[in-house]
Amino acid sequence: MPALNILYIAYPLLTVSAESAGGAEQVLWTLERELACRDVRTTVAASAGSRVTGELFSTGDPCSRPDDYDRRNQEHQENVLDLVRQRAGTPAAFDLIHDMSGRFWRRAGEIDIPVLATVHLPRSFYSPDSFYNVAANVSFNCVSHAQSVTFSDLLGMIGVVPNGIALDRFAAELYTNGSGKGLQRQGLLWLGRICEEKAPHLALEIAHRAGLPITLAGQVYPFSYHQQYFEREIVSRLQHMQNASFVPSPSFEHKRQLLREALALLITSQTDETSSLVAMEAAASGTPVIAFRRGALPEVVREGVTGSLVDDIDSAVTACHSTAVIDSEACIQHACANFSGTAMADAYFELYERIVRTSVVRGLAKA
């Protein structure tokens, strides 16, 4: 089979780069970097200012105003469709579109190229009619086995590809060469997108009851309900807690430092997470994870090896004082064996080849 030409479609809200905060953006950046370094032509349709390894196709500026998503998404999709049509029938025509945006696949019937749509979110986050009348050129994949159970009835579902991270960007070298033995860890860390379903307010409550300092680090997205949650639930708690600090939108280097220095990472999500990149990053940094036992988190956090799975705030508080039983080197070894971005890319490449071969037979892709 000739070298594949893949178009990746990013979520239109933010930029894609090594500094991306969003999980879908991080996965896309890692995957595209891996495949662009192989015999694959890659193009990423994303917001202006994105930085990728292959070709960037800018679809417009990222959102800068609250609740501007619908307009931006429409602009994003129309520009992608124009690009695909312009290249059709030329040597630059795409063999396959990998939709990481969560919505573009609904317009796949307007083009004659196979589309692989990765479903990143819990089934309950999609409207009941989202998967009605899906175009014949669309295939789906899940990112965890726990998630796939809820999508078992979806026509076009072709498998599970667990998320992976760029292991080379984290602190494995501190432990594999022994230089991390004397690293001093202190305080708890919560890291992620600041919104109600991720529940950072519960992390502050856990830290308060455990009598431990905590750093809250993350980004408030430009949605009014996210900003209202931050003002309502987080600001006042930060003001009244002496040992709590907030780091808005940390850079990658700062995030890596926070992970390296934390006593433990708290994951307090109140929804059934389909994966957890931050839990993988913590393991790759040798940092224990304390997470609520929901969704795919039991697939990512290995009890007693990379952290603790808990069922309520009381057990989370207890786990905060038991982190010494978690060995940092064991965390790193588990991350290297299970969370590799290279392994993720291998699995997606196999899906691409299978989809393209099938599509050539059906006349949906170039031979």
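Biologist: The charged end of Arg169 sits over which ring, and how far from its centre?

Modeller: This is a predicted model, where local features need pLDDT of at least 70, side-chain atom pairs count only at pLDDT 80 or more, and totals for chains, interfaces and linings use all residues. Residues are numbered from 1 along each chain as its sequence is written, and side-chain values use heavy atoms, with hydrogens and water left out. A charge sits over a ring if NZ of Lys or CZ of Arg is within 6 Å of the ring centre and within 35 degrees of the ring normal. For Arg169 the ring is that of Phe252, and the distance from its centre is 3.6 Å.

Biologist: Arg193 also has its charged end over a ring; which one?

Modeller: The distance to the ring centre is 5.6 Å here. The ring under the charged end of Arg193 belongs to Tyr221.

Biologist: How many aromatic pairs does the structure hold?

Modeller: Rings of Phe, Tyr and Trp (its six-membered ring) pair if their centres lie within 6.5 Å; planes under 30 degrees apart count as stacked, over 60 as edge-to-face and the rest as tilted. By that rule the count of aromatic pairs is 13.

Biologist: What angle do the planes of Phe131 and Phe151 make?

Modeller: Their centres are 5.7 Å apart and the pair is edge-to-face. Phe131 lies in the loop between β5 (115-118) and β6 (138-142) and Phe151 in the loop between α3 and β7, so the pair ties together parts 20 residues apart in sequence. Helices (H or I, at least four residues) and strands (E, at least two) are DSSP runs, numbered from the N terminus. The angle between the planes is 85 degrees.

Biologist: Is Phe151 buried or exposed?

Modeller: Buried means under 20% relative accessible area, exposed over 50%, and partly exposed in between (1.4 Å probe, protein chains only). Phe131 has 11% and is buried. Phe151 has a relative accessibility of 0%, so it counts as buried.

Biologist: Which residues do ring pairs link into a cluster?

Modeller: Phe131 and Phe151 both belong to it.

Biologist: Why is Ser139 called buried?

Modeller: Ser139 has its place in strand β6. Leaving aside neighbours within four places in sequence, Ser139 is in contact (heavy atoms within 4.5 Å) with Val115, Leu116, Ala117, Gly156, Ile158 and Ile355. Ser139 is buried because its relative accessible area is 15%.

Biologist: And where is Gly156, and what is its relative accessible area?

Modeller: Gly156 is in the loop between α3 (145-150) and β7 (157-160). Beyond its neighbours within four places in sequence, Gly156 is in contact with Val138, Ser139 and Phe140. Gly156 is partly exposed, and its relative accessible area is 31%.

Biologist: Which residues have the most contacts inside the largest nonpolar core?

Modeller: A nonpolar core is a set of buried Ala, Val, Leu, Ile, Met, Phe, Trp, Tyr and Cys residues joined through side-chain atoms within 4.5 Å. The largest one has 55 residues. Those with the most contacts inside it are Leu31, Leu265, Tyr348 and Tyr352.

Biologist: How many bridges join strand β9 to strand β10?

Modeller: Two strands pair if DSSP finds at least two bridges between them. Strands β9 (residues 214-219) and β10 (residues 244-248) run parallel, and Leu216 stands opposite Phe246 in β10. The number of bridges joining β9 to β10 is five.
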